[in-house]
Amino acid sequence: MQILIKSFNRPHYLERCLKSIIKHVVGYDEIVVLDDGTPDIYLNKIKENFPSIIIKKSNQYSLKSKSILNDSFDTDKLNGYTIPTDLWYDSVLKTHKYFLITEDDVWFTNNIDLSIIVESMNQENIKLTKLGWLGNKQDDKNLDIKPINHYLNSVYPKDLITGSTIFMEYFMFNKFKFYSLLYKLRLVDNKTKRKYWALNSILMGLYQKDYWLYMWKDSKNELNEKIQLKNAAVYFHKNKSNKNFIARTNTELMQTTFKSTASGVYHQYDKINLDINRINKILNEAWLKGEFNSMENYPKDFSDAYIKHFLDKENHPDAQYDEWYQWAEKFRKQYRDLGAEVDN
């Protein structure tokens with residue numbers, strides 16, 4: 001099986017991800033990095049340090065990498081660039097029946113033999129095994145959790161409204177005010193759609209190939225989570241009798257950052273003067289020079305004091321530590337309010 005890593009312009013995190021795989025993971029055939037614009041000056045160092053990995057580049061790689069190197073990459077126009085769903089989709093098409101897909105800012109924290117998990121998935125007809133869930137136990141009340149074996153628990157969604165493709169189109173996108181009507185009838189509330197994330201894992205999922213492809217079949221050059229959740233609900237509806245449809249490991253094996261993002265588009269906050277691209281460049285350059293240790297504070301995220309050292313040293317007006325800290329606190333609060341553990 002393959003491990004697929006979606007990557008964009010944070011080699012200091014990508015190296016951490018790769019090192020954590022080598023440290024903790026067995027039972028896979030190869031690692032494939034799906035890169036969307038990380039300049040070659042950084043990717044070459046990654047390849048030198050990890051010669052066995054495969055790096056695939058997106059169709060818009062050249063445009064993005066040049067704009068990054070020229071400091072002309074405008075995060076406000078990120079969605080004007082093509083999102084590389086074609087690269088992701090084609091790579092999954094070519095992989096085996098089971099694969100792990102993650103991103104560059106995610107890393108393993110515990111040992112795992114993926115071949116054992118895959119064997120269980122094949123025997124129990126598991127479509128998705130979650131290897132991490134951000135420490136969030138708040139949503140467990142919506143799940144029927146039962147042990148499958150020594151390694152895995154079934155996490156079957158309870159009281160999830162599902163149906164045909166047309167039904168879920170009306171439901172997810174409120175066509176003809178369908179969702180609004182259900183809301184007025186008190187059959188749904190503001191937290192209902194969040195429950196559908198039980199069927200998906202963007203960062204930490206070991207998938208059966210057919211299920212992932214079905215979820216992403218309508219997503220072309222865009223990241224529309226509602227489309228994925230709609231498709232997941234339709235697929236789940238057809239397989240409701242399978243009580244092992246979704247599983248998760250007995251303990252969390254992966255962690256992600258709440259201190260960094262590939263682009264400011266996804267986490268913009270008012271009254272904060274910060275250029276995320278500049279932050280990433282400062283850390284990338286320090287990493288390239290061998291000054292930034294990608295495993296600092298591991299298995300936890302990079303410490304605030306460590307990031308402060310590099311930002312203070314550069315002292316760029318668009319990348320001041322105090323502004324970054326305010327930004328990171330708002331980022332963390334978003335997920336903390338959802339029940340995630342963000343302070344690890």
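**Exercise 1.** At what angle do helix α10 and helix α11 pack, and how far apart are their axes?

*Solution.* The model is predicted, so local features need pLDDT of at least 70 and side-chain atom pairs count only at pLDDT 80 or more, while totals for chains, interfaces and linings use all residues. Residues are numbered from 1 along each chain as its sequence is written, and side-chain values use heavy atoms, with hydrogens and water left out.

Helices (H or I, at least four residues) and strands (E, at least two) are DSSP runs, numbered from the N terminus. Axes are lines fitted to C-alpha atoms, for helices over the stretch in contact, and angles run from 0 to 180 degrees between N-to-C directions. Helix α10 (residues 276-288) packs against helix α11 (residues 304-314) at an angle of about 100°, the axes lying 10 Å apart. The two are therefore roughly perpendicular (65 to 115 degrees). In contact (heavy atoms within 4.5 Å) are Ile-279, Ile-282, Leu-283 and Ala-286 of α10 with Phe-310, Leu-311 and Glu-314 of α11.

**Exercise 2.** State the strand order of the open sheet of nine strands, and find which strands stand at the edges.

*Solution.* The order is β4-β3-β1-β5-β11-β8-β12-β10-β9, with mixed pairing (two strands pair if DSSP finds at least two bridges between them). At the edges stand β4 (54-57) and β9 (143-147), each with a single partner strand, so one side of each has no neighbour in the sheet. From one strand to the next, the twist averages 25°. Within the pairing, β8 (residues 128-130) and β12 (residues 246-249) run in the parallel sense over three bridges, and Leu-128 stands opposite Ile-246 in β12.

Technical notes: Parallel < 35°, antiparallel > 145°, perpendicular 65-115°, else oblique.
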